[in-house]
Amino acid sequence: MQQLATLVLLSATISATANSGQAPMNHINSGGDTTIHSSNRQAFSQPASNMPLMKKMDFHVGNSFFRNPWVAAPASTTARDGLGPLFNTNGCQNCHIRDGRGHAPGKNDLNAVSMLVRLSIPATTEKMEQQLITDGAIAEPVYGGQLQDFAIPGVRPEGQIDIHYSTIIKAFSDGETIELRKPTVKLHQLNYGELHANVMTSARIAPAMIGLGLLQAVDEQTLLALADEQDANGDGISGRINRVWDIEQQKTVVGRFGWKAGQPSLKQQNAAAFSGDMGLTTSLFPTQNCTATQQTICSAVPNGGQPEVSDNILDHVTFYSHNLAVPARRNHSDPDVKLGEKLFANAGCHNCHIDQMTTGESQFAWLSGQKIAPYTDLLLHDMGEGLADNRPEFMATGREWRTAPLWGIGLTKTVAGEMNFLHDGRARNLMEAVLWHGGEAEAATDAVLNMNSQERHALIQFLQSL
């Protein structure tokens, strides 16, 4: 009881410090005025609640191109043809299940579907070092930036992905234990030759789509204020901004999207996914996603136009991805949820999972000036050897990941049907995800390991309320 009283007092102090000088916000409406009040399986697929009615048609058109499958060219569906020839999936929502998270392949799954494997090699020449400025990583010479495990008829897929797990046991201070699973990626049935001897791999599941336009609208000054690259305040947390290449602006800017914040904007993120995941060209990525080894095959099959995804379609999909609303919190007045929120703060989790921001100017006026609770600082943090993929991406090292937003995380299973967390889906529940945190989060993880069963239950109830 004395320990709990101390934690409550500490929480009040931290909360007052965090909110000093700022008007209080409604933490229930995590997305500000864009928040929707829905908690069913379609909770991640709703438009921002404050979107003007005349814009709803644009949202639904964008949804149709996000949801419906693309096909190989030539086809009578000329607006949706050009798939491949190499690809990972034929529709955005195959990976972003109902606009929620993807998952790692199960034992009986024949393919990865909502998970992919990024590939790159170390930069070993001055030319490669220069290439890192615009590409962020050096693609594997034969297979490119990610392994594509599907192909159109008549073309062989690049290969297949197997994930094997080993077991790690973690013990709480009260003697209870929990089993974590550590994945190992194996690529097989490779159809285009051997992989580079020094290939680096990184498995990634698709993240949830909600609230992305609000994160786009957080201005750079806010992120600079949160960053503490040299840990000047000595709290052990040294978040830093990833600097990435913006194709339209032809310059290096702040990275925000992707597991390592490797993309600067939703438009470029979407165009990169069309290219890498579906083999579709856009004005940002105008050439087929084929390496020199594959050029003969790729140039021999029909394409779906130049570009295959028109600017009009890319703009509608980008509008859609800007405006998927964040669901309101549930059970926020439950005593366990309230206790869990305090324990979350006292453990230091909120040092990176920031619970209060205000958006700046957005190209969509209704997203501007919103008080939001995304539970992310959009910064890179060293997450320790356990989570390291040892694959750099722009400024991000092989141990760094962008703080994942937690809003809506309690609806993960309701929306997507499964609970797989972290970049490769290794965590099967929220407690497993918490206990994989290392590096800068080591102290927070230790605090959780020292919680009793009631406190651990409360912590999870809080996360489920988001």
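Buried means under 20% relative accessible area, exposed means over 50%, and partly exposed is in between (1.4 Å probe, protein chains only). The legends below describe a predicted model, in which local features need pLDDT of at least 70 and side-chain atom pairs count only at pLDDT 80 or more, while totals for chains, interfaces and linings use all residues. Residues are numbered from 1 along each chain as its sequence is written, and side-chain values use heavy atoms, with hydrogens and water left out.

**View 1. The aromatic pair F87 and F150.** Rings of Phe, Tyr and Trp (its six-membered ring) pair if their centres lie within 6.5 Å; planes under 30 degrees apart count as stacked, over 60 as edge-to-face and the rest as tilted. By this rule there are twelve aromatic pairs. In one of them, the ring centres of F87 and F150 are 5.8 Å apart and the planes are at 15°, so this pair is stacked. F87 belongs to strand β1 (residues 86-87) and F150 to strand β3 (residues 150-151), so the pair ties together parts that are 63 residues apart in sequence. Helices (H or I, at least four residues) and strands (E, at least two) are DSSP runs, numbered from the N terminus. F87 counts as buried because its relative accessibility is 9%. F150, at 28% relative accessibility, counts as partly exposed.

View 2. The aromatic pair F319 and F364. Here the ring centres are 5.1 Å apart and the planes are at 90°, so the pair is edge-to-face. F319 is in helix α9 (residues 311-322) and F364 is in the loop between β9 (357-358) and β10 (371-372), so described as distant parts of the chain, 45 residues apart. D389 and its surroundings. D389 is placed in the loop between β11 (380-382) and β12 (400-402). With a relative accessibility of 11%, D389 counts as buried. A polar contact is a pair of N or O atoms within 3.5 Å; within protein, one must be able to donate a hydrogen and the other to accept it, and residues adjacent in sequence count only if both atoms are side-chain atoms. The side chains of D389 and K260 make such a contact (3.3 Å). A polar atom of the D389 side chain also lies 3.0 Å from the backbone nitrogen of R391. Contact means heavy atoms within 4.5 Å. Not counting residues up to four places away in sequence, D389 touches T201, S202, R204, K260, G398 and W401.

**View 3. Charges over the rings of W401 and Y192.** A charge sits over a ring if NZ of Lys or CZ of Arg is within 6 Å of the ring centre and within 35 degrees of the ring normal. The charged end of K260 sits over the ring of W401, 4.0 Å from its centre. The charged end of R156 sits over the ring of Y192, 5.2 Å from the ring centre.

View 4. Most residues other than glycine have a negative phi, and most peptide bonds are trans. P74 lies in the loop between α2 (56-67) and β1. P307 is in the loop between α8 (295-300) and α9.

**View 5. The positive phi of L378.** L378 is not a glycine, yet its phi is positive, about 60°. L378 is found in the loop between β10 and β11. Its relative accessible area is 1%, so L378 is buried.
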